[in-house]
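Please find below a short note on this structure, in numbered points. It starts with the chain as a whole and then turns to individual residues.

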Amino acid sequence: LGLHPDSIRKVGGTHCIPQVSHSPHTGSFDELRAGSQPAQTASCVYACGAAFEQEACARLGARHDVVKMHLKVHMSPVASGLSIDDTLELYCGNGEQILQWVGYATCSRLAYSRGEVYGRFVPQSVTSKDGQALDVDIVVNEILNDGDELYVEYSNGPQAYKIRWEGRPRTPPFKWGEEGAVVPAHDVWLMELNLEREGLLSLVDMEAHTENSSGPQEDLQEVKKLLVEFAAPLQMVFYLLSSEGATSGQQLGQITLPQFRSFMQQAKVISSSFPSEKVDEIFSSVVTSLHTLARRSESKSGVSSLDLLDFLIAIVHVAYSRFAADTPQSMLQPLWAKLNVLFRNCIQPYVFPELQKKLNKFGDAVNNAPAQLLLRRANKLIEQTLDSCQLKRMRSATVKVDLRWLCNHLTRWQLLGRDFNLQELALIAVFAKQTTTDPEAFVLHPQVSRSLLHTEFNL
């Protein structure tokens, strides 16, 4: 119930953290990446584990009965405009609970203090002092500090947490089948992509389809096939682009105009006939289009960057405009042929080989006996480290970590910014996600920055 430990009779037993000696990490990142120091590569595993252990010791304290965290929780009847009718001091220990616990614990305490039965009050939201409803699956110590204030809105129930928070799905994201929940495929956004709805029909030259009334739609279908074919490597390229110049993990997964222009320069798309100003115009037109703004209004994201879907749409626009600039006398070509020229003549020969070269450097650092041995020996410690980085805890068979949130812990452990930077971390994530270093053999993944599995975290 979040009571102070001094008010609870100690049943017995103590908590302790085993002290493990770890080898110092002395090799540079470049040496580790090149695989020239497998011993240092392995010690890097323990460096991460040691950092986690030090943080755990700091959180737990030297004695098990030391209170490390408490919250000031204001109780407010639902729909009362956060008017306060009671305030409770909630002791959280190490703060490893999720926010759901805060709501249930304070409602139970409130019922007890008023002489009501357990369950009389039901939490409807856990709200920040700024009035924002919080995701109740978030771990307490990941977003709150000792002494912070919160609001808990409560009602008579019976259903708990009916007040919506930002990002909460409006409908169940699954259907029930004979074997349980049927979760939509992670690539459903690509398979159901409607290019005509995205405004790409205006790029189709109707004169090229005068003999076939269904030609424009068939042209867009061929364009979609090309996007599906190259979606996996472009997803990884997009993710790496988002790390260029980024200063925090929260910027991963969105690319800005300079990053988009950098990609076009690397692909040798920019030329005297197709200057960078044209690339800037396409970026601006896509990011401010009605179709993009409609999606952004649903996700409440900004309008100064592109997500992966916008990135693919922008590439089609670039293919159309570049073909017109280079061969104005041959515009009577289907749109898919123009996109195919961009892929085969620019992106494939200039972008993919450079990406593969960078990824190949990690192979020797991981595929050696000493590193594999220490990875196996440190497996439990790595799993605990992964679990400690969870922003949220939900019922799930698979433990995942949001790489953007992991950046906060890596900075706290003095690894990110010292042993490697954000661009190198993004490259490591791509290496861990794919089973091959050949971009043309990549597979499409769910959001790269939001689902790093245990086995991928080991790599």
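1. Of the 459 residues in the protein chain, 46% are buried, where buried means under 20% relative accessible area, exposed over 50%, and partly exposed in between (1.4 Å probe, protein chains only). The model is a predicted one: local features need pLDDT of at least 70, side-chain atom pairs count only at pLDDT 80 or more, and totals for chains, interfaces and linings use all residues. Residues are numbered from 1 along each chain as its sequence is written, and side-chain values use heavy atoms, with hydrogens and water left out.

2. The accessible surface of the protein chain is about 23900 Å², and carbon and sulfur atoms account for 52% of that surface. Accessible areas come from the Shrake-Rupley method with a 1.4 Å probe; for residues, only the protein chains shown count as cover.

3. The protein chain has 17 helices and 8 strands. These are DSSP runs numbered from the N terminus (helices are H or I, at least four residues; strands are E, at least two). Among contacts (heavy atoms within 4.5 Å) between residues at least 6 apart in sequence, 70% join residues at least 24 apart.

4. There are 9 aromatic pairs in the structure. Rings of Phe, Tyr and Trp (its six-membered ring) pair if their centres lie within 6.5 Å; planes under 30 degrees apart count as stacked, over 60 as edge-to-face and the rest as tilted. The pair of Phe121 and Tyr154 is edge-to-face, because the ring centres are 5.1 Å apart and the planes stand at 70 degrees. Phe121 lies in the loop between helix H3 (99-113) and strand E3 (122-128), and Tyr154 in strand E4 (residues 149-155), so this pair ties together parts that are 33 residues apart in sequence. Both Phe121 and Tyr154 are buried.

5. Elsewhere, ring pairs join Phe238, Phe260, Phe263, Phe283 and Phe311 into a cluster.

6. Gln124 belongs to strand E3 and is buried, at 4% relative accessibility. A polar atom of the Gln124 side chain lies 2.8 Å from the backbone oxygen of Gln159. Leaving aside neighbours within four places in sequence, the residues in contact with Gln124 include Val78, Glu153, Tyr154 and Gln159.

7. Which helix holds Pro353? Pro353 is in helix H12 (residues 352-366) and is partly exposed, with a relative accessible area of 38%. Pro353 and Pro439 are 86 residues apart in sequence, while their C-alpha atoms are 8.1 Å apart in space.

Note on methods
A polar contact is a pair of N or O atoms within 3.5 Å; within protein, one must be able to donate a hydrogen and the other to accept it, and residues adjacent in sequence count only if both atoms are side-chain atoms.
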